[in-house]
Each structure stands twice: as structure tokens, then as C-alpha cells.
Amino acid sequence: MYAIEFEMVSKSFGAHRVLVDLDLQVRPGEKVTLIGPSGSGKTTVLRLAMTLEKPTSGDIRLFGESILFDAVGKPLKGSQEARVRRRCGMVFQQFNLFPHLTVLQNLILAPTTVLGQHRKQAERSALDYLRMVGLEAKVHAYPTQLSGGQQQRIAIARALILKPEILLLDEITSALDPELAGEVLDVVRGVAQETNVTLLIVTHEMRFAREVSDRVLVFDAGRIIEQGSPDKIFSNPESARTRSFLQSVLSH
Ligand SMILES: Nc1ncnc2c1ncn2[C@@H]1O[C@H](COP(=O)(O)OP(=O)(O)O)[C@@H](O)[C@H]1O
Ligand SMILES: [Mg+2]
């Protein structure tokens, strides 16, 4: 069974077809990176998996279960959708922590409200995840007292505390200076090594993509134009469009 499966998924915004008959399977525990030019549809793939968007056609399954239709093909109700969606966590380019809440309050908010955990239990778990991202000392800090890199590490902890089986990371270092990006990528490396979470990563950090992924997908104009091991994609790409994309990002 696949952790994520897209079957003939298309997505249009008005007349603009941003994903075209996308077939994609990701195995449990697999670390997959999506690369490709801006506007090629990478974020849309993650937003569809997270049920933040609905496809125009096709089906999407998480661990064999459709996130769109029930067993008789009717659209899922909100509560059914929420249950399936809980298997996914997402971290965005903008960290969007709640500014009026401390780090601890940000972390326990969803566990206590969405999952109905006891406060004490949620706090213990929050400390475990803060340790994992190396920010135990900041437990009572407010987001504005943290660097961008630290805020993004907290955002990762906030996603992990809900124990997603699939973690979606959308350009999580794009808003950061290079030295802060490094500490965030270190945290993701740790998560990749220490957990069996399935990772779907959109990134422009090609060296990181090469190190952390089992498989790289190259997107262009709403399609996967090439995919393979990081070695194959970065050392020996077949497609001329992949080569020119890699040249343009590596020359920056
Ligand atoms: N909500 C939306 N409404 C209209 N167009 C959108 C919307 N979201 C994305 N798009 C368009 O879809 C295309 C793919 O976007 P996106 O998935 O964000 O690409 P990427 O993440 O690869 O840069 C882009 O042309 C973008 O402008
Ligand atoms: Mg994007």
C-alpha cells in the first residue's frame, strides 16, 4: 500500500490547467523531493494532499483511503475528510506561528483542541519535540523573540506533535538567510533519520535534496517530466528541460 497515491489528478484554476493527469505513488517512509521551475505545480500537489484544494478530476489516496470519495464514490463529508487529513502535516514557507502565544502555547494548541489531549500530556509531548528541534530553552519565548530559523524549527515541531504519517514541507527555507536555512535543514535531516515519517519536500536547495531524498521528481508545466534517484537526476539527467532548470538554480 502507498502512503500517498495520485491517480490521474488534474487541477485547473479557470482555464489554466496547473496539473495534468498526474500519477504519483509514494511508499511509506519514502523521502521524495519535488523540484522544478516556479509555477510548475509543486505547491498545488502538496495543497491537494492536505485537502486545502480539491482536484478538478482524478483521485488521491492516503494509505489506500481516498481523501475525496467514500466507498460508494460520494464526496467525503467534512468530518470524514478531517479524519483522513489528520494523517498529513504541513509546514509552509512562512512560519505562521501565533504571535500572541508562547512557543509552548503554540505547540499544545492543536493537541488540546483538535485531539482533545490533556494539557499536561500535551506539554510533555511539546517538550519532547522541542528537544528534537533543539529549542527546549525557548519554551516560554514568544515568536517575535526568535530568529526566523528558530521560528521555522518550532513550526516543524508543531507539525510533528500531531504525529503525522506524512509530512509536507513547502520551501521551508526560502524566506530565510542562508545561515538560518542551514539549521532548519539540519532539523529536517534529523527528522528524516530518526522517524519513519513519509516526507514530500518542495525545495530549491539542491544539495539538501540530493542528500535527503530517496527519489527526486522534476516538475514542469504541471507534469512530472523526469524522476529518479538523486544521483541520476543531479549527475545524469535525461531531459534537456531538467538540465536547463538545474543550470538555472545552480548558477544562483
Ligand atoms: N488559488 C489559485 N488561483 C489561481 N491560480 C493559482 C492558484 N494557486 C496556484 N495557481 C497557479 O497555478 C500554477 C502552479 O502554482 P504552484 O503549484 O504554486 O507552483 P509552484 O509551487 O511550482 O511554484 C501557477 O501558475 C499559479 O499561478
Ligand atoms: Mg510553490
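This is a predicted model: local features need pLDDT of at least 70, side-chain atom pairs count only at pLDDT 80 or more; totals for chains, interfaces and linings use all residues.
**Loops, salt bridges and a ligand shell**

Let me begin with Thr-51, which sits in the loop between H1 and strand S4 (57-62), where helices (H or I, at least four residues) and strands (E, at least two) are DSSP runs numbered from the N terminus. Residues are numbered from 1 along each chain as its sequence is written, chains are lettered from A and ligands numbered from 1 in the order in which they are written, and side-chain values use heavy atoms, with hydrogens and water left out.

Thr-51 has a positive phi of about 60 degrees, although this residue is not a glycine. Is Thr-51 buried or exposed? Thr-51 is buried, because its relative accessible area is 10%, and the scale I use calls a residue buried under 20%, exposed over 50% and partly exposed in between (1.4 Å probe, protein chains only). Another positive phi in a residue other than glycine is found at Asp-21, near 45 degrees; Asp-21, however, belongs to strand S2, and with a relative accessible area of 35% Asp-21 is partly exposed.

From there I turn to ligand 1.

An N or O atom in the side chain of Lys-42 is 2.7 Å from an oxygen atom of ligand 1, a polar side-chain atom of Thr-43 lies 2.8 Å from an oxygen atom of ligand 1, and for a polar side-chain atom of Thr-44 the corresponding distance is 2.6 Å. Taken alone, ligand 1 exposes 560 Å², of which the protein buries 62%, the areas coming from the Shrake-Rupley method with a 1.4 Å probe and, for residues, with only the protein chains shown as cover.

Next come the salt bridges, that is, a side-chain nitrogen of Lys or Arg within 4 Å of a carboxyl oxygen of Asp or Glu. How many salt bridges does a search of the whole structure find? The search finds 24 salt bridges, and I will go through a few of them.

In one, the side chains of Glu-65 and Arg-83 meet at 3.0 Å, N to O. This pair links distant parts of the chain, with Glu-65 in strand S5 (residues 65-66) and Arg-83 in helix H2 (residues 78-85), 18 residues apart. Glu-65 counts as partly exposed at 27% relative accessibility, and Arg-83 counts as partly exposed at 46%.

Lys-120 forms a salt bridge with Glu-123, with the closest N and O atoms 3.5 Å apart, and both residues lie in helix H4, 3 residues apart, about one turn of the helix. Here Lys-120 counts as exposed at 58% relative accessibility, whereas Glu-123, at 14%, counts as buried.

Asp-220 forms a salt bridge with Arg-241, the closest N and O atoms being 2.6 Å apart. This pair, too, links distant parts of the chain, since Asp-220 lies in strand S9 (residues 215-220) and Arg-241 in helix H9 (residues 240-250), 21 residues apart. Asp-220 is buried, with a relative accessible area of 18%, while Arg-241 counts as partly exposed at 48%. Elsewhere, salt bridges that share partners join Glu-5, Glu-7, Asp-59 and Arg-61 into one network.

The C-alpha atoms of Thr-102 and Lys-138 are separated by 8.9 Å, the two residues being 36 residues apart along the chain.

Key:
A polar contact is a pair of N or O atoms within 3.5 Å; within protein, one must be able to donate a hydrogen and the other to accept it, and residues adjacent in sequence count only if both atoms are side-chain atoms.
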